[in-house]
Amino acid sequence: MLRKISLCAAAGLWLAFVGAAVAADIAQLAKMTGPDRERILHDGARKEGKVVLYSAMIENQALRPIKAAFTAKYPFLEVEFWRADTRDLINKTLAEVRSRSVVVDVVEGGGVSQSLIRAGVAQEFSLPGAAALPRAFVDPMWVATRVSYFGPAINTRMVSDDEAPKNYQDLLDPKWKGKIAWAANTETGGAMMFISFIRSWLGEQKGEEYLTQLAKQDIANLSGSPREVVNKLIAGEYPLALNIFLHHPLISAQKGAPVAPLLLDPVLGNASVMVLLKNAPRPHAALLLMDYLVSEEGQKVIRDADYFPANPSVAVEASVASIIPANSNKTLKFISEEDLFADRAKSIVLQKNLFQRR
Amino acid sequence: MDKRIAAAETMERAAPKIAEEPQILSGRARSLNLQVTPAVILLIAILGALVLPPVYLLIKTSFYTTAADGSFGVFTFEYYEALFSSKTLMGDLLNSLMFAAGSALFALILGAGQAWIVERTDTPLRQYIFLISIISLGLPHVLYTSAWLLTLGKSGPFNGLLMWASGADSVVFDVYTMTGMIIIEGMIWTPLAFLLLSSTFRNFDSSFEEAALMSGAGTAATFRRITLPLALPAVLALLLLVFIRAFEAFDIPALVGGAGDVTVLTTEVYNSIRKELPANYGQAGAFSTVLMLAVILLLVLQKSLLSHADRFQTITGKGFRPRVISLGPWRYLTSSILVLLFVVLLVVPLGMIIIVSLAPYYDGVNLALFQRASLANYAIIADSPSLRQAVLNTIILGVASATFVCALTAGGAWLAARKAKGAWIIDQLATVPLIFPAIVLSVAFLQLFLNSPILLYGTLTSLVIAATMQYLPYGMRFNFAGALQIHRELEEAAAAAGASRASIFLRIVLPLLLPTIITSWLFVLLLSVRAVALPILLAGPNSQVVAVVLFDLWGNGQVSEMAAFGVVWSIFMMCIGGVLYYLSRRNGVSVH
């Protein structure tokens with residue numbers, strides 16, 4: 001028995017030792033600068049052979065093109081990705097860390113950073129390419145990959161331009177009662193973020209008054225992603241959707257779908273970010289992927305997928321440029337990762353009390 | 001005889017047995033002359049290690065807070081307090097009961113109607129219904145459900161038809177409601193209800209009915225006063241079976257109710273883990289424990305109700321043929337009812353899925369949809385390594401869990417049937433998983449793997465372990481029944497000739513039990529490749545399985561790709577099903 005215990009203890013110590021060694025390695029690697037960096041990452045990644053990305057980007061719109069472009073550049077690397085909404089991304093990542101079976105290297109999405117940082121699983125890092133990004137898009141623990149704008153969208157067969165809401169007050173019109181849908185369980189896009197946005201824009205008191213009015217519209221709480229809400233809109237299940245990613249309806253409209261985004265003033269925006277895992281099994285490949293995602297080359301792939309690149313030197317695709325608030329004389333209301341996290345607890349309470357029937 | 005009819009009949013003879021819920025078997029502590037052997041101890045150890053830790057961790061989860069990194073925090077009653085102080089629990093429980101009762105009634109009515117027409121009348125085309133029922137049993141529930149959501153949805157053809165007929169300018173029927181959930185779940189269980197009840201109707205000793213007819217009662221009165229009461233125990237058993245299944249169901253409530261704000265107990269479990277940040281394991285644990293207790297109650301009720309069923313014995317020793325009612329011209333009406341049911345239960349949902357799989361995006365069924373049709377979605381799924389991986393994972397999961405279940409239960413069931421000393425413990429352990437609805441088992445295993453010293457979380461191995469435990473009762477049930485049929489004189493002869501117990505099992509029992517084992521293997525395989533609720537919380541990116549991929553594609557809004565993948569998978573499953581069906585027939589496998 002005693003022998004067994006000491007064996008276990010030895011095994012535990014060994015694991016802790018190996019763990020610490022890995023942690024030290026990745027910390028050094030993640031902050032490395034200088035001319036050797038590229039070569040070291042290359043050599044290491046070649047041995048690692050693949051990289052795993054968990055991301056909230058829509059698979060067929062963005063993740064597949066990114067994978068194709070990245071593997072074209074680094075043929076020795078295989079890219080595996082898993083697409084989910086932010087809550088799932090975080091919960092899955094935390095579960096992997098807790099069970100010491102980490103699959104993921106890089107997590108990407110809106111609102112992913114703060115939970116991972118607080119749980120102590122995020123790795124500080126710096127990317128040379130991040131210098132090209134605006135300062136607000138770079139943090140020691142994360143770097144922005146893309147910008148998103150949020151707002152309502154309509155089914156153009158069911159709602160004419162005249163009938164469409166022109167401002168946030170119009171959303172309270174009783175004619176929309178029972179006709180609005182949003183995503184109920186998401187961090188970015190959907191109910192919680194919209195509530196945080198209204199609170200921060202109108203202030204707590206006016207914001208709550210507005211939300212109380214809005215709650216009378218009996219908004220349908222859909223359980224899927226905001227992209228799925230847009231699909232329901234296209235299918236004609238609802239004429240009006242709130243707080244979806246504004247570029248999603250445009251991408252579908254290009255294929256002929258009867259859907260259009262609405263820009264109300266102000267337009268809500270945020271930046272999706274990527275986080276490196278402390279226990280990333282393939283740190284070299286992970287850093288190469290992160291380098292790529294902020295590089296002009298990678299940002300162009302994101303742009304070509306009709307997303308909004310975080311790097312201002314990469315011009316936005318003309319077809320979605322109209323969504324950028326400045327291009328249509330609208331104000332941008334930007335919510336940072338920190339604010340999104342700080343506001344979430346109260347917004348969830350408001351969501352439960354006001355919008356969830358029962 | 002038409003080969004198809006023969007095939008259908010063989011399947012249908014097996015089907016009632018397949019469909020039977022494994023019962024919690026009563027303890028068989030009385031041992032005969034056998035000693036506790038290493039084999040018994042080994043089986044007890046393996047089953048105990050498989051079954052008990054998840055139960056323990058599930059209950060522990062409901063009493064501990066979750067720390068920031070997801071590990072167990074401090075002891076608390078807060079989750080139960082939260083559960084019992086809000087209206088949520090009662091609302092969910094009521095919803096669960098209503099959903100289960102509604103689905104059971106719905107399936108019964110459609111299934112019984114079909115069964116009566118097929119078994120007791122001379123309606124043309126009736127023999128094809130078996131084949132259709134068996135085919136539809138193989139469809140993944142997620143696919144079937146999404147097909148119906150598209151069909152009955154606000155922009156679907158059904159509402160279009162209703163609006164055209166009624167002249168209404170807004171949606172007439174909202175599918176994202178309790179009614180919608182009941183209709184879809186009810187349709188899913190209809191083929192099973194039909195298969196179960198048709199054997200009951202066929203096995204009637206029709207002399208009772210003939211006596212009634214000869215005494216002057218008309219067909220209607222005979223049906224009401226003789227046929228119906230005689231069928232009552234079977235009907236009751238079926239109602240309870242579907243009731244419990246629907247009570248435990250996760251996929252339909254999640255897909256339908258999730259979009260319409262209708263929550264039941266099972267979806268609360270899922271939402272606590274997948275839709276909250278951080279995942280609220282404690283709340284999920286508390287919901288799970290309540291759900292588990294409710295299922296235990298239901299199983300006890302089922303056992304006590306069914307134990308009185310022998311008061312209505314309909315199969316007698318007399319030779320008989322069930323009376324077939326000649327419907328005259330009415331048989332064209334019953335025939336069209338069958339065709340209508342076939343269209344509604346199979347053609348409409350499959351057609352809808354095929355149509356959507358050809359569309360770049362779905363905006364309701366209209367002419368433009370057909371103009372845009374292309375095979376682009378099929379090209380995408382053919383090109384996706386992750387989908388190929390999911391298919392491979394699913395096949396491995398099915399084959400491995402079926403094999404382990406059979407390996408663990410074949411010997412155990414034989415030992416239990418022979419009342420070997422200590423074997424009652426094997427029996428009891430193997431039936432414990434019955435008290436877990438799949439989503440609850442998923443939570444229990446999630447906690448187990450998260451806390452396990454061995455790295456299992458997110459691996460395919462973990463899915464196989466969980467599935468093996470879930471389907472143990474089925475293996476036990478099948479093989480116990482099989483072992484009971486083998487007369488012990490064969491074994492006694494072998495023993496008298498000096499064979500050891502191991503060699504008796506391997507050389508006498510195993511070959512005789514083989515047909516039963518193969519059938520249970522096939523059954524577990526088919527169940528485990530179709531399941532969503534168990535793998536949904538356990539699968540990692542490298543261990544995705546088809547049913548979960550379909551579920552996620554739907555939730556992520558990739559409806560057209562989901563449809564294409566679903567079509568390909570369904571065709572594949574039907575082929576596999578056909579091959580297995582052919583093999584099992586050639587080998588003369590059927591469970592008696």
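**Overall architecture of the two-chain model**

The secondary structure of chain A comprises 12 helices and 12 strands. With a radius of gyration of 22 Å, close to the 21 Å that the globule rule gives for 358 residues, chain A is as compact as a globular protein of that length. Its C-alpha atoms fill a box of roughly 75 × 50 × 35 Å along the principal axes. The structure described here is a predicted model, and its overall scores are ipTM 0.81 and pTM 0.85.

Within chain A, buried residues account for 53% of the 358 residues. The contacts of chain A reach well along the sequence: of those between residues at least 6 apart, 79% join residues at least 24 apart.

Chain A can be read as two parts. The domain assignment gives domain 1 as residues 2-146 + 271-309 and domain 2 as residues 148-270 + 318-355. The C-alpha centres of these two domains of chain A lie 30 Å apart. Where they meet, domain 1 of chain A contributes 17 residues and domain 2 of chain A contributes 17 residues. On the domain 1 side of this contact, the elements giving two or more residues are α4, α5 and β10 (267-277) of chain A. Of these, β10(A) gives the most, with three residues. By class, this side of domain 1 of chain A holds six nonpolar, seven polar and four charged residues.

Chain B comes next. Here there are 25 helices and two strands. Buried residues make up 50% of the 592 residues in chain B. Among contacts in chain B with a separation of 6 or more, 81% are between residues 24 or more positions apart.

Helix α12 (residues 265-274) of chain B is mostly covered, with 10 of its 10 residues buried. The buried residues of α12(B) include B:Leu265, B:Val269, B:Tyr270 and B:Ile273, and also B:Glu268 and B:Arg274.

The largest nonpolar core has 289 residues. The members that touch the most other members are A:Val143, A:Trp182, A:Ala241, A:Leu289, A:Met290, B:Ala193 and B:Leu550. For a closer look at one of them, B:Ala193 touches B:Ala107, B:Leu108, B:Leu110, B:Gly111, B:Ala112, B:Leu238 and B:Val242, leaving aside residues up to four places away in sequence.

The two chains themselves meet in a contact that takes 44 residues from chain A and 40 residues from chain B. On the chain A side, α3 (59-73), β2 (78-83), α4 (86-98), α5 (113-118), β7 (220-222) and α8 (226-234) each supply at least two residues. The most come from α4(A), which gives nine residues. The side of chain A that touches chain B divides into 14 nonpolar, 14 polar and 16 charged residues.

Finally, a word on confidence in chain B. The average pLDDT of chain B is 83, and 87% of the residues score at least 70. Over residues 23-33 of chain B the pLDDT is below 50, and this stretch has 19 contacts in the model beyond near neighbours in sequence. The pLDDT also stays under 50 over residues 588-592 of chain B, for which the model has 14 contacts beyond four places in sequence.

Conventions:
Residues are numbered from 1 along each chain as its sequence is written. Chains are lettered from A and ligands numbered from 1 in the order in which they are written. This is a predicted model: local features need pLDDT of at least 70, side-chain atom pairs count only at pLDDT 80 or more; totals for chains, interfaces and linings use all residues. Two residues are in contact if their C-beta atoms, placed from the backbone, lie within 7 Å. Helices (H or I, at least four residues) and strands (E, at least two) are DSSP runs, numbered from the N terminus. Ala, Val, Leu, Ile, Met, Phe, Trp, Tyr, Cys and Pro count as nonpolar, Asp, Glu, Lys and Arg as charged, and the others, Gly among them, as polar. A nonpolar core is a set of buried Ala, Val, Leu, Ile, Met, Phe, Trp, Tyr and Cys residues joined through C-beta atoms within 7 Å. A residue is buried if 20 or more other C-beta atoms lie within 10 Å of its own, exposed if 12 or fewer, and partly exposed in between; C-beta atoms are placed from the backbone. The radius of gyration is taken over C-alpha atoms; the globule rule is 2.2 Å times the number of residues to the power 0.38. pLDDT is the predictor's confidence in each residue, from 0 to 100. Domain bounds come from an automatic or database domain assignment.
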